[in-house]
Amino acid sequence: MEIVHVYSKLRAEFGRQCLFSDRPAELLVDVPPDPSLAQHFIQKKPRDQALQACLDMSEHQVNTKRFESESRGINHVEGGWPKDINPHEMEQTIRFRKKVEKDELYVTSVVQLGQGMEHCIRQNNAVDIYQEYLEEEEEEEEENQVAPSIASTQNVYPNELKRTVTGLSWHPDGGRKLAAAYSCLEFQKSSRDLSVDSYIWDVENPNRPEMTLRPPSPLVCLDYNPKDPHTLLGGAYNGQIVYWDTRRGSTPVEVSSVETSHRDPTYKILWVQSKTGTDAFSASTDGQVLWWDVRKLSEPTDRLVLDPSREGNLDQALGAVSLEFESTMPTKFMVGTEQGVVISCNRKAKTPAEKIVCTYDSHHGPVYALQRNPFFPKNFLTVGDWTARIWSEDIRESSIMWTRYQMSYLSDACWSPVRPSVFFSVKMDGTLDVWDILFKQNDPTLSLKVCDEPLYSLRLQDNGRLVACGSQGGGATLLEVCAGLSTLQKNEKSLLASMFERETKREKILEARQREIRLKERSRSEQSRSEDGGREDGEDSPDQLIARAEKDFFSVVEAEKRKRRDREEQSNGVRTKP
Amino acid sequence: MAEVEETLKRIQGQKGVQGIIIVNSEGIPIKTTLDNASTMQYAGLLHQLVMKARSTVRDIDPQNDLTFMRVRSKKNEIMIAPDKDYFLIVIQNPSD
């Protein structure tokens with residue numbers, strides 16, 4: 001069957017008929033060449049033409065499969081004995097051995113081998129053939145050409161959602177795992193569907209986190225328990241404290257109650273050394289430092305209000321942004337505040353007023369990082385505004401050493417756990433600086449641009465070789481530090497100790513001088529006041545003061561009048577003289 | 001027979017030599033100056049090591065063959081002289 005489609009249109013609707021006609025070609029425009037125009041142009045000869053004949057190269061990346069290796073042991077049983085001989089039977093084995101010994105081949109081989117062996121033995125006895133010559137030279141070149149040798153970037157742990165890595169903590173046992181806290185710190189910027197999870201990453205696998213932690217609210221800071229590597233504490237954005245046990249899974253084992261926790265994000269949480277190993281303390285910008293026992297997170301065991309006037313007044317309290325605790329000094333700790341003041345506190349004080357020992361006026365902005373030098377606990381490092389400062393506990397007035405004002409805000413810093421004179425800092429322009437104060441004080445020894453986004457947190461692994469830094473975009477970068485910056489140099493401790501002493505002494509002298517000047521001024525002003533005081537003592541009443549004021553006034557007027565009269569007389573006298 | 005004894009005595013007399021083992025190609029210790037347990041351990045482990053080393057050398061160049069092996073460790077040095085059928089193993093403590 002033929003499929004036919006018929007469609008019809010009225011003749012009138014076709015429109016006007018096209019009528020074509022034939023026409024010869026006609027010239028429309030003729031533009032003759034105008035040689036005068038050529039004057040405008042210069043003929044260029046010779047002409048240089050560059051040619052390139054090179055190989056086409058293309059870049060490829062290959063990722064090989066992971067090579068899995070296993071260690072196995074071998075159990076050696078005596079073997080090799082011919083079938084008819086039972087290895088446990090002494091007689092048979094002895095007989096076998098005797099037979100072999102009679103073999104001629106045996107004799108010749110042993111004699112031959114013996115000769116070669118003797119030569120080597122004698123060689124060994126004569127000279128140590130593996131002796132290292134020129135050993136000292138190797139050490140010298142290490143020195144501080146360390147700077148160009150790099151910290152190599154190892155792994156980046158990305159995150160699709162844009163949350164800042166606000167806290168990092170290494171696993172205490174060997175540092176194979178890194179816990180990272182993600183939260184959006186900008187006020188009211190986080191949307192409802194932004195994930196609240198924080199992750200634990202395995203160093204070897206940057207693609208997927210090893211474990212996810214699900215707090216009720218995004219975590220601002222994290223800390224692994226140094227005594228029990230399975231437990232973690234986290235401080236949340238809503239002020240709560242959350243406790244996990246990694247063996248139990250992603251949901252927290254316990255969460256502190258909202259009424260008794262902080263009223264602002266918990267900026268820092270640290271485990272404290274205690275007999276039970278379950279104590280921790282946390283600090284927040286609401287001005288409180290709370291102590292917790294993780295077995296009972298429903299309310300804090302102790303509270304300290306960071307009021308510099310020591311009245312415990314919450315309204316006057318300074319907001320805390322960083323905490324510092326050194327396990328060698330369990331009763332003392334330090335708090336860095338938003339207002340730029342570092343407060344040193346004593347845990348064991350009897351009254352709350354005595355808890356705050358002293359304050360250091362450190363930075364123009366919040367003190368983002370605070371850490372004691374692991375080798376010299378009397379000196380600590382603070383970071384805030386555009387500088388990093390090193391302080392000595394005894395000097396309250398100013399820091400003993402400080403860096404120059406950098407180009408961008410410093411957001412975190414920490415000392416190297418292996419080298420007392422090295423510390424790391426991260427800035428808001430995404431660079432990681434390594435400072436070696438024995439080598440160079442003005443500039444960082446090594447400056448590395450880690451990423452384009454601001455870096456917010458920094459943590460060093462306990463062996464000093466791996467550094468993890470977290471950025472605003474949610475990526476945590478792991479870098480390896482070269483051997484020169486992570487191995488203790490000889491004399492380093494003594495050199496650094498003498499440097500700190502020298503700077504401390506300098507500051508002490510300056511402080512003493514300041515005090516002297518102030519004392520002198522005060523005594524001068526007191527002195528002058530005491531002289532006036534002799535006169536004033538007898539004239540206390542206001543009437544007498546008024547009388548005195550009048551007397552002074554009139555005497556001044558009289559003196560002025562007299563002067564004018566004298567002047568007039570003089571000028572008159574001059575005129576009438578001749 | 002006498003030459004063998006003489007050779008071994010000479011080697012044993014060198015400074016620092018702790019022990020000598022002669023192993024055959026199947027790994028059976030023929031003669032030893034150490035105690036049984038150590039002998040078994042050394043014989044078994046070193047036999048495999050020498051086999052591996054020899055096959056490595058020959059894999060790289062079939063014309064080549066292993067002539068001597070020295071394993072220097074922190075505490076001593078183990079020297080192995082391989083032959084077609086037997087190995088001579090000497091454990092020495094270098095004097096330095």
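Predicted model: local features only at pLDDT ≥ 70, side-chain atom pairs only at ≥ 80, totals over all residues.
Residues are numbered from 1 along each chain as its sequence is written, chains are lettered from A and ligands numbered from 1 in the order in which they are written, and side-chain values use heavy atoms, with hydrogens and water left out.

In chain A, four strands form an open sheet in the order E14-E15-E16-E17 with antiparallel pairing; strands are DSSP runs (E, at least two residues) numbered from the N terminus, and two of them pair if DSSP finds at least two bridges between them. Strand E14 (320-325) and strand E17 (356-361) of chain A are the edge strands, each pairing on one side only. Within the sheet, strands E15 (residues 332-337) and E16 (residues 341-346) of chain A run antiparallel and are joined by five bridges, and A:Val335 stands opposite A:Ile343 in E16(A).

Over all chains there are 16 aromatic pairs, where rings of Phe, Tyr and Trp (its six-membered ring) pair if their centres lie within 6.5 Å, and planes under 30 degrees apart count as stacked, over 60 as edge-to-face and the rest as tilted. Two of these pairs are tabulated here.

| Pair | Centre to centre | Angle between planes | Class |
|---|---|---|---|
| A:Phe281 and A:Phe333 | 5.1 Å | 90° | edge-to-face |
| A:Tyr360 and A:Trp391 | 5.8 Å | 70° | edge-to-face |

A:Phe281 in strand E11 (residues 279-284) and A:Phe333 in strand E15, both of chain A, are 52 residues apart, and both are buried (under 20% relative accessible area, with exposed over 50% and partly exposed in between, for a 1.4 Å probe and protein chains only). A:Tyr360 in strand E17 and A:Trp391 in strand E20 (residues 387-392) of chain A are 31 residues apart; A:Tyr360 counts as buried at 1% relative accessibility, and A:Trp391 counts as buried at 1% relative accessibility.
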